[in-house]
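Dear colleague,

Please find below the structure that I am handing over to you. My findings follow directly after it.

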Amino acid sequence: MASAGHPPPAVVAPDGTVDWAGLSPGPPLGVGGWPFEATDLDLAPGSVLALYTDGLIERGDGDIDEGMRNLADRLMRAEVLERPLRHARHDIVADLPPGRLRDDVTLLLARTREVPADSTATWLLDADPVVVAGARHLVLEQLSRWDLDELGFTTELIASELVTNAIRYAGGPVRLRLIRTDTLTCEVCDPSNTQPRMRRARTSEEGGRGLYLVAQLSRRWGSRYTREGKTVWSEQLLPLGGPGR
């Protein structure tokens, strides 16, 4: 994580203690002149991460330290470890003034979960177009093991398009990963830091439809930077009555 001038996120550990992520805030976005310092933080499964804007803790005449202590108390009283976060968030901001605020207030809560080892499958592929057919076969085999054959056609197509794009535009090695939680996620990692762009291909063009197909077949999709390049991901809902549903 890195901060563009905002206070550090709060971390509620599984034992109920509240701490603050130790990171050095950088300048606000657009100011420039100074690099951002990145911080890695390992969180135990079941932890709750609270990210917020400074408007949440700079209310009234109190200082920031007092506001942070107040936020920690609110997180404890809201029982964020036991309750659904969509319910707890309302209690945390319940007494905000009903009128216009002095500053914007944004609160984002996230809970960490540990994915069982048998719910992930990862393959490292060479940057060679001939591996795409093999990747489709690997995907279908894995979905069959998870009793998710119903998603075979769409996932095979998604994986094929993402792996093909990675090999064509980024080189290798390419990592393909399937993650089964309450959704099915297909990830493809490559060494390039160039973000993919979706476009509508003309009727006379043979290519250019890959990401458009991925977007149409996915519940959500996107990309993120990594230390080694980028990851493009696609998320699908599991069939009703299937694993995790």
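Gln142 is buried in this predicted model, with a relative accessible area of 9%. Its place is in helix H3. Leaving aside residues up to four places away in sequence, Gln142 touches Ala121, Trp123 and Leu178. The 9% falls under the 20% limit for relative accessible area, and Gln142 therefore counts as buried.

The largest nonpolar core has 27 residues, and Leu125 and Leu176 have the most contacts inside it. At least two residues each are supplied by strand E5 (120-125), helix H3 (131-145), helix H4 (152-169), strand E6 (174-180), strand E7 (183-190) and helix H5 (210-217). H4 provides the largest share of this core, with 6 residues. Leu176 touches, among others, Ala121, Trp123, Leu125, Val139, Val163 and Val188, where residues up to four places away in sequence are not counted. A second, separate core has 16 residues, including Ile57, Met68, Leu71 and Ile92. As background, nonpolar side chains tend to be buried together in soluble globular proteins.

I turn now to one of the sheets. An open sheet of 4 strands runs in the order E2-E1-E3-E4, with antiparallel pairing. Its edge strands, each pairing on one side only, are E2 (18-20) and E4 (107-111). On average, neighbouring strands of this sheet are turned by 25° against each other, direction ignored. Strand E3 (residues 48-52) pairs with E4 in the antiparallel sense over 5 bridges, and Leu51 stands opposite Leu108 in E4. Two helices pack on the sheet. Helix H1 (residues 64-77) touches strand E1 (10-12), E2, E3 and E4, and its direction makes about 140° with that of E2. Helix H2 (residues 85-92) touches E3 and E4, and its direction makes about 145° with that of E4.

Most residues other than glycine have a negative phi, and most peptide bonds are trans. Glu79, in the loop between H1 and H2, has a positive phi of about 55° although it is not a glycine. Glu79 is partly exposed, with a relative accessible area of 42%. Asp147, in the loop between H3 and H4, likewise has a positive phi, of about 60°, and is not a glycine. Asp147 is exposed, with a relative accessible area of 62%; the cut-off for this class is over 50%. The peptide bond from Gly172 to Pro173 is cis, with omega near 5°, and Pro173 lies in the loop between H4 and E6.

Finally, where is the largest pocket lined, and by which elements? Two or more residues of its lining come from each of E3, E4, E6, E7 and strand E9 (230-237). E4 gives the most, with 4 residues. About 790 Å³ of space lies in this pocket. Of the 25 residues that line the largest pocket, Arg111, Thr112, Arg113, Thr181 and Asp182 are the closest to its centre.

With kind regards

Conventions
Residues numbered from 1 in each chain as written. Predicted model: local features only at pLDDT ≥ 70, side-chain atom pairs only at ≥ 80, totals over all residues. Heavy atoms only, no water. Pairing = 2+ DSSP bridges. Axes fitted to C-alpha atoms, helices over the stretch in contact; angles between N-to-C directions. Contact = heavy atoms within 4.5 Å. Core = buried A, V, L, I, M, F, W, Y, C linked by side-chain atoms within 4.5 Å. Buried < 20%, exposed > 50% of the residue type's maximum accessible area, 1.4 Å probe, protein only. 1 Å grid on protein atoms, 1.4 Å probe; cavity = no way out; pocket = protein on both sides within 12 Å on 5 of 7 lines; lining within 4 Å. Points joined across faces, edges and corners; volume = space filled by probe spheres on them.
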